[in-house]
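Subject: Structure for you to look at

Hello,

Please find the structure below, handed over as promised. My notes on what was found in it follow.

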Amino acid sequence: MITKNINNIIDDLTIGNVVGLPTETVYGLAANAFNEAAIQKIYSLKNRPTSNPLILHTHSIEEIYKYIIDNDSNRTLLELANEYWPGPLTILLEKNERILDIVTSGSQYVAFRIPNHPLILEILQNLPFPIAAPSANPYQSISPTTANQVYYYFGEKISYILDGGKCACGIESTIIGMEKNDLIIYRQGAITIEQLKNKIENVKVNDSGSSSIKTSGMSKTHYAPKTRMIIVNDIEDYIRNNKHQKIGVLSFDKMNMHSIAKNYYHHLYELDKKGYDIIITKKFINTGIGRALNDKIQRAISK
Ligand code: TXA
Ligand code: MG
């Protein structure tokens with residue numbers, strides 16, 4: 001059921017249940033990161049292979065230090081993340097033995113972020129453990145940005161979904177890590193490449209899967225609607241020339257990039273429900289958030 005009462009959530013997480021939680025990026029399907037059975041439930045609810053690891057959420061850097069080894073690259077990443085946290089940046093850190101293998105799919109790296117939503121932060125501050133939370137959608141479906149959408153996906157299969165309103169960012173966190181002395185972006189997201197380049201010299205994007213580190217956002221098909229989707233140069237033109245088709249248009253005229261990101265998944269999800277033959281869209285200007293959105297569109301169309 002959808003609730004606004006965080007005490008229900010705190011109790012449920014404590015006894016090992018899985019709940020839906022708001023973050024500033026997208027809603028997460030959340031459980032105690034140290035409860036193996038609860039983590040297993042996340043994988044099976046999402047129908048996600050256990051080879052695809054889970055992000056951990058916590059409320060402070062001091063907490064994170066309990067679960068990682070103390071080395072230079074971990075410290076550099078934490079220093080950088082500190083500029084954006086709480087916020088939509090996820091960092092891959094070398095973990096210590098306290099982190100369960102099922103959380104990282106056996107990798108020596110663990111993904112951490114401090115989310116920027118008052119409700120999840122309050123919950124984290126009241127719990128003695130970090131929360132594992134992938135986006136609250138079935139494997140390979142569109143990420144949810146409202147509590148209703150999480151309910152649509154999981155219904156009563158989870159006890160509670162905390163209603164924290166519509167997510168402010170609307171797209172997932174940016175995932176980064178260090179390789180040698182370079183900062184690597186493994187998944188483009190709400191923190192832009194330009195923002196990171198302002199802080200650190202060597203920034204590379206490797207979201208194609210050629211690195212030893214893999215994230216699911218790298219797969220060629222991801223974040224995709226069930227309806228076929230294509231990119232066109234001119235929307236009006238396409239409609240004029242394809243009168244026989246039932247066409248859904250994913251377009252965001254006169255909105256600024258932040259509102260576009262906030263509404264992107266929601267619009268796509270609504271269009272996907274309508275039974276169109278095809279969804280058409282245009283590319284955004286390839287800078288800032290536009291670049292992250294173009295990346296998502298590209299993966300949504302390459303079927
Ligand atoms: O904004 C977000 O990051 C949202 C909210 C709920 O925090 N979460 C999210 O989780 O997008 P998810 O699971 O849908 O995407 C996380 C990505 C996956 O592609 C996963 O493979 C990668 O992070 N990931 C998680 N832990 C990892 C690890 N230890 N090493 C490499 N990749 C990891
Ligand atoms: Mg996801």
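Lysine 254 is exposed, at 88% relative accessibility. The model is a predicted one, and that applies to everything below. The place of lysine 254 is the loop between strand S13 (247-250) and H10. Its phi is near 65°, a positive value in a residue other than glycine.

Lysine 180 sits in the loop between strand S9 (174-179) and S10. With a relative accessible area of 80%, lysine 180 counts as exposed because the cut-off for that word is over 50%.

On backbone geometry there is one further item. The peptide bond joining tryptophan 85 and proline 86 is cis, with omega at about -5°. Proline 86 belongs to the loop between helix H4 (72-82) and strand S5 (89-94).

Next, some buried polar side chains.

Aspartate 182 is part of strand S10 (residues 182-187). Its relative accessibility is 16%, so it counts as buried, the limit being under 20%. The side chain of aspartate 182 makes a polar contact of 2.7 Å with the side chain of lysine 204.

Threonine 227 lies in the loop between strand S11 (203-205) and strand S12 (228-231). Threonine 227 is buried, with 9% relative accessible area. Its side chain is joined to that of aspartate 272 by a polar contact of 2.5 Å.

Histidine 266 is a residue of helix H10. At 19% relative accessible area, histidine 266 falls under the 20% limit and is therefore classed as buried. Leaving out neighbours within four places in sequence, histidine 266 touches Thr145, Thr146, Gln149 and Lys166. Histidine 266 and proline 144 are 122 residues apart in sequence, while their C-alpha atoms are 7.3 Å apart in space.

Now the cysteines. How many disulfides does the structure hold? The count is zero. For cysteine 167, the closest cysteine sulfur is that of cysteine 169, and the distance is 8.3 Å. A disulfide needs the two sulfur atoms within 2.5 Å, so this pair is too far apart for a bond. Seen from cysteine 169, the closest cysteine sulfur is that of cysteine 167, at 8.3 Å. Cysteine 167 is buried, with a relative accessible area of 1%. Cysteine 169 is buried as well, with 18%.

That leaves the empty space. Rolling a probe the size of a water molecule over the atoms shows where such space is left.

The structure has one cavity of 30 Å³ or more. The space in the largest cavity comes to about 50 Å³. Which residues line the largest cavity? They are Thr174, Gln188, Gly189, Ile191, Thr192, Ile193, Glu194, Gly288, Arg291 and Ala292. By class, that lining divides into three nonpolar, five polar and two charged residues. Helix H8 (193-199) and helix H11 (288-301) each supply at least two residues of the lining. H11 gives the most, with three residues.

The second largest pocket has a volume of about 230 Å³. Its lining is made up of 13 residues, of which Ile235, Ser251, Phe252, Asp253 and Lys282 lie nearest the centre. Six residues of this lining are nonpolar, two polar and five charged. Two helices, H9 (235-241) and H10 (257-273), each supply at least two residues of the lining of the second largest pocket.

The loop holding lysine 254 runs between S13 and H10. S10 is another element to look at, with aspartate 182 in the strand and lysine 180 in the loop between S9 and S10.

Regards

Technical notes
Residues numbered from 1 in each chain as written. Chains lettered and ligands numbered in written order. Predicted model: local features only at pLDDT ≥ 70, side-chain atom pairs only at ≥ 80, totals over all residues. Heavy atoms only, no water. 1 Å grid on protein atoms, 1.4 Å probe; cavity = no way out; pocket = protein on both sides within 12 Å on 5 of 7 lines; lining within 4 Å. Points joined across faces, edges and corners; volume = space filled by probe spheres on them. Helix = DSSP H or I, 4+ residues; strand = E, 2+ residues; numbered from the N terminus. Nonpolar A, V, L, I, M, F, W, Y, C, P; charged D, E, K, R; others polar. Buried < 20%, exposed > 50% of the residue type's maximum accessible area, 1.4 Å probe, protein only. Polar contact = N/O pair within 3.5 Å; in protein donor to acceptor, adjacent residues only side chain to side chain. Contact = heavy atoms within 4.5 Å.
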